Structures are given as C-alpha cells and as structure tokens.
Amino acid sequence: MTQDAAQTYVEQGFLTGIDLFSTSEIDHFRACFDELEAREGREKCQIGLQARHLDEEFIWQMATDSRILDAMQEVMGEDIMLLSTHFFCKYPDPEAKHFVAWHQDVTYWGLEPPEAHTAWVAVDASDVENGCMRVIPGSHKNGIATHGESDRAGNLLSINQEIPDELVDDSHAVDLVLAPGQMSIHDGQIFHASNPNTSNRRRCGLTLRYIAPHVAQVELNSLGNKYPTTLVRGEDRYGNFPEQHVPFASAAR
Ligand SMILES: O=C(O)CCC(=O)C(=O)O
C-alpha cells in the first residue's frame with residue numbers, strides 16, 4: 001500500500017478494491033464457508049456467525065493473514081489487536097427485505113476511545129445488484145452521530161440501529177464493488193450501509209475488526225459481550241485486554 005493510500009484513508013475513511021487472496025485461495029475459503037453454511041444453516045449464516053475465528057480455523061487464518069495485517073498496519077499503526085470477526089451473508093432476497101441501515105460501527109461496541117478499523121473481505125462477488133457495502137466518504141470526521149431505531153422492517157443490525165435520515169446525505173455514497181478475494185477497509189466511524197440483495201447470487205463478506213492496543217472496552221457491546229481480543233501484530237503496551245484468545249497456531253505475523 002502506498003503512502004497516498006494511507007492519506008486517502010485518513011481523509012475519506014475507507015479504501016477499496018484491494019487485491020488480497022488469489023482465486024485459488026479465495027475458492028478454498030469459500031469452500032470452507034460453504035461447508036460451515038451447510039452445518040449451521042442459512043438463517044444463522046446471514047448475520048449470526050460472530051467471533052467464529054475461535055473455533056473455525058479458516059476464519060482465524062484469514063484474520064491473521066500477513067497481507068491483511070500489512071494493509072491494516074498502514075492505516076492504524078504497527079500494533080494490532082483482532083477484536084472480532086463477523087460474516088455478513090446476504091442471500092437472494094426477491095422481496096428486497098433485508099438491508100443494513102446507515103450506521104457507524106463503534107457506536108455500540110463499548111470502546112474507549114471509540115476507534116476501530118474493519119477489513120471487509122469479499123468471499124463472493126459483491127456488487128450493486130447483490131447489495132454491496134456503501135460508504136459516505138469523509139463521514140468519519142464528525143464524531144459519533146446519535147443513532148435511532150429503524151422504522152423499516154428487515155434491518156440486519158443487532159439492535160435495529162440507524163442514523164436518522166436527516167443526518168445522512170447519501171447523494172455522495174460510494175458502492176464498494178469487490179471481486180472475490182478483494183477487500184475494502186473502513187474506519188469505525190464512517191457512515192455505511194448496504195441495500196437488499198436483489199440478485200440471484202449470494203453475497204458473503206467477512207468483516208475483520210481490528211483495534212490498536214490503546215483502545216479499551218469499557219462497556220459490554222450491543223450483544224452484551226466482552227470481545228475475545230488477541231494481539232495479532234506488534235506489541236501491547238497497555239494491557240487493556242489481559243486475556244488473550246489464540247485458538248490456533250498463529251499464522252505469520
Ligand atoms: O456487509 C454489509 O452489508 C454491512 C457490513 C457492515 O455493516 C460492517 O462491516 O459493519
């Protein structure tokens with residue numbers, strides 16, 4: 001990643017179209033996800049697979065891949081903790097019911113300071129038709145917006161949170177179109193959302209949540225949990241998360 005990309009991230013709050021996994025690598029990870037989906041069922045896989053890097057080795061391998069950590073290092077510094085992982089898998093939805101409302105990630109994560117960074121890895125192709133992620137460039141710069149509840153049924157977010165319409169100017173929203181194996185990175189305070197999947201194709205993305213060690217979890221998150229955080233690169237000089245969760249032998253750091 002170039003210095004320009006890091007600067008763009010500071011200014012825009014996201015980067016997209018980053019080539020990451022080769023076709024054979026992402027085909028392998030997709031086959032692992034397909035197998036997990038067959039075991040767990042689609043209902044669960046839509047948004048119910050959280051922190052499964054703790055028991056599914058392929059997710060741990062993805063989350064600790066040195067190429068992802070290299071990219072994250074450019075935008076957040078050399079000390080990196082994996083906060084959690086979460087699949088967002090949207091299935092063909094002819095009635096266009098399921099969507100992700102405009103929100104900022106760190107709003108209900110209980111972090112202080114409220115700083116986090118997400119790598120969104122495309123397991124399947126992600127495009128406008130199947131409801132790719134959308135962001136509003138620069139919207140991470142104005143602090144945390146007060147979220148309300150969506151009055152539209154089908155919001156996939158954990159507690160139906162939504163930034164009120166009057167605070168969202170989506171006329172400049174950017175669609176993060178990704179090929180399988182590519183990734184985008186977004187700041188935890190950027191306004192982002194996604195539309196329903198109106199295609200006949202699945203849209204599976206793995207979000208990898210990272211924080212720097214100076215960030216602490218001072219409240220439980222919206223699911224009532226403490227994060228199973230792990231140092232995945234560099235040093236932890238703060239000790240905010242004394243318990244380390246290293247479920248599998250580490251990949252290259
Ligand atoms: O994948 C999506 O559609 C939404 C992802 C998202 O909201 C997130 O990464 O926080």
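**Close-up of alanine 96, an exposed residue.** Alanine 96 counts as exposed because it has 12 C-beta neighbours inside 10 Å, where exposed means that 12 or fewer other C-beta atoms, placed from the backbone, lie within 10 Å of the residue's own, buried means 20 or more, and partly exposed means in between. The model shown is predicted, and local features need pLDDT of at least 70, side-chain atom pairs count only at pLDDT 80 or more, and totals for chains, interfaces and linings use all residues. Residues are numbered from 1 along each chain as its sequence is written. Alanine 96 belongs to the loop between strand 2 (80–90) and strand 3 (100–103), strands being DSSP runs of E of at least two residues and helices runs of H or I of at least four, numbered from the N terminus. Its phi is near 50°, a positive value in a residue other than glycine.

Although asparagine 160 is not a glycine, its phi is positive, at about 60°. With 16 C-beta neighbours inside 10 Å, asparagine 160 counts as partly exposed.

Glycine 77, with a positive phi near 95°, follows helix 5.

**Close-up of the cis peptide bond from glutamate 112 to proline 113.** Omega of this bond is near -10°, and proline 113 lies in the loop between strand 4 (111–112) and strand 5 (117–122).
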